[in-house]
Amino acid sequence: MSASVKGDLRDEERELLLVIAAGNVQEASRLLGCKDVRVNCLDEYGMTPLMHAAYKGKADMCRLLLQHGADVNCNEHEHGYTALMFAGLSGKTDITWMMLDAGAETDVVNSVGRTAAQMAAFVGQHDCVTAINNFFSRARLDYYTKPQGLEKDPKLPPKLAGPLHKIIMSTNLHPVKMVLLVQENPILAQLDALERCRHVTELICEKCVKQQEMNEVLAMKMHYISCVLQKCAIFTKDRQDKLDGLIKSLLQGREGDGFPVYQEKFIRECIRKFPYCDATLLQQLVRSIAPVEIGSDPTALSVLTQAITGQVGFVDVEFCTTCGEKGAEKRCSICKLVIYCDQACQKLHWFTHKKVCKKLQQERERHEMESAKRIERPQTVDETKETQTVEETTKALKDISVEPAPVTSTSELSSDTLTCATTPTSSTD
C-alpha cells in the first residue's frame with residue numbers, strides 16, 4: 001500500500017476519522033478491514049487516526065488501532081505532536097499508559113521544544129505527567145531475568161519480575177505503600193528475593209546515570225526503591241515482627257503532634273546516599289530539604305515525589321495519612337483532621353494516632369469557635385464611621401458625575417470618533 005501523504009485521504013479514510021470522533025468501534029473495525037484504508041493515513045494537519053482517537057479520549061478506539069498496526073511514534077504532525085502528546089493533552093491516563101506500553105518514545109519534542117510530559121503539565125494534566133515520568137517497560141526489566149554473557153543464572157528470577165515491576169511502576173512513593181506492596185506478595189517478601197531485587201534496582205540506577213542520555217529522575221527513583229527494599233531485608237532478617245515492625249516504625253508519630261520522625265529521617269537518608277553526587281537532581285533535592293526543620297513543610301516525601309513523579313503541591317487532592325494513596329476521603333470520626341483511603345489504613349495508623357487524636361479534636365473545635373465568633377462579631381464604632389464615610393463619598397461622586405450623551409445606533413459613531421478613541425493625540429509644534 002502506498003505511503004501516506006498529508007491531506008491525501010481516500011473516502012473510506014475520511015469516513016474512518018468521522019467514525020473515530022463518534023466512538024463507533026464496530027464500524028471502525030469494519031473500515032480498518034478494507035484494503036483501501038491505511039491505518040497510518042494523514043489528514044491535512046498530519047494527524048493519524050491514532051492521534052485523533054488519543055486526543056478525543058477514545059480508549060477502545062486506540063486499542064483497536066494499535067491492534068491493526070498503528071504507528072505510535074508517527075511524527076508527521078505539522079507541529080511535531082505525537083500520539084503520546086495527544087494522550088497527555090486529553091488527560092486520559094489509561095490511554096497514556098496504552099501509548100507507553102505500545103512503545104511510545106517519551107523524549108521526542110514538538111515544534112516548541114516540549115516533550116509529552118511537558119505538554120501534559122502545561123495544560124494541568126498532572127496524572128498523565130506522573131504516568132509518563134514513571135514509565136519503565138517490562139521488557140527492560142525482563143533483560144535481567146535472562147543469563148547474560150558467562151552467567152549461569154539470571155540476576156533476577158523470572159517469578160520476581162512481575163512483583164518488582166509493579167513497585168517500579170507505582171506512582172506512590174510513600175515508603176509504607178512500598179512496604180505494603182512487598183508484603184502483599186509472599187514470594188517477594190523473602191530475604192533472598194529482597195536482596196536480588198535490590199541489586200537489580202541498583203544496576204538500573206547505575207545504567208540510567210551512565211547511559212548516553214542520562215536519566216537522573218529514573219536513577220533517583222531506582223535508588224530510592226533499592227533503599228526501601230534494603231530496609232525491608234534488614235527488618236525481615238533482624239526483627240521478629242518483620243515487615244509489620246517496619247510499617248509501625250515508619251508510622252510512629254512523635255509526642256505532641258504525631259509527626260512521623262523516623263519516616264522523615266529515612267527518606268532524607270535515602271536521598272543523602274544517592275551515589276552520584278554531581279547529579280543536578282540530587283543538588284536540587286538537598287537545597288529544598290536541608291534548610292527545613294524536621295516536622296515542618298515541605299516534607300522530604302513531598303519534595304521527592306514532586307521531583308520524581310511530576311506531581312505538584314498545589315493539586316487540590318487529599319492523600320492517605322498511612323500509605324499516601326491519592327484521593328483519600330475517609331476522615332477520623334473523632335478529630336476529623338486525619339484522612340485515610342480505607343478502614344485498613346486507619347487500623348494500621350490508630351496505634352500512634354490515638355495518642356494525639358483528642359488534642360487534634362480540641363484544636364479543631366477551638367478554631368471553629370474562633371471562626372464563628374469572627375463572623376458574628378458586630379461592627380465597632382470606628383468600623384461604623386468608616387462605612388458611613390465610604391457611603392457619603394460614593395454619593396458625592398454620583399452627584400458630580402457627567403452622564404454620557406445617549407447613542408441611538410452604532411451608525412452615529414463616525415470613523416473619526418473611532419480613531420480618536422483608539423489613537424493617542426499627537427503633539428503639535
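Predicted model: local features only at pLDDT ≥ 70, side-chain atom pairs only at ≥ 80, totals over all residues.
1. Ground rules. Local features need pLDDT of at least 70 and side-chain atom pairs count only at pLDDT 80 or more, while totals for chains, interfaces and linings use all residues. Numbering runs from 1 along each chain as its sequence is written, and side-chain values use heavy atoms, with hydrogens and water left out.

2. Main core. The largest nonpolar core has 101 residues; a core here is a set of buried Ala, Val, Leu, Ile, Met, Phe, Trp, Tyr and Cys residues joined through side-chain atoms within 4.5 Å. Buried means under 20% relative accessible area, exposed over 50%, partly exposed in between (1.4 Å probe, protein chains only). Helix H13 (residues 216-238) gives the largest share, 12 residues. Helices (H or I, at least four residues) and strands (E, at least two) are DSSP runs, numbered from the N terminus.

3. Val-182. This residue is among those with the most contacts inside the main core. Skipping residues up to four places away in sequence, Val-182 touches Ile-167, Leu-188, Ala-189, Leu-194, Leu-229, Cys-232 and Leu-243 (contact: heavy atoms within 4.5 Å).

4. Second core. A separate core of 12 residues includes Cys-323 and Val-356.

5. Cis bond. Asp-297 and Pro-298 are joined by a cis peptide bond, omega about 0°. Pro-298 sits in the loop between helix H16 (280-289) and helix H17 (300-309).

6. Positive phi. Lys-242, in helix H14 (residues 242-251), has phi of about 50°. Lys-336, in the loop between strand E1 (330-331) and strand E2 (339-340), has phi near 60°. Lys-242 is partly exposed at 40%, and Lys-336 is partly exposed at 41%.
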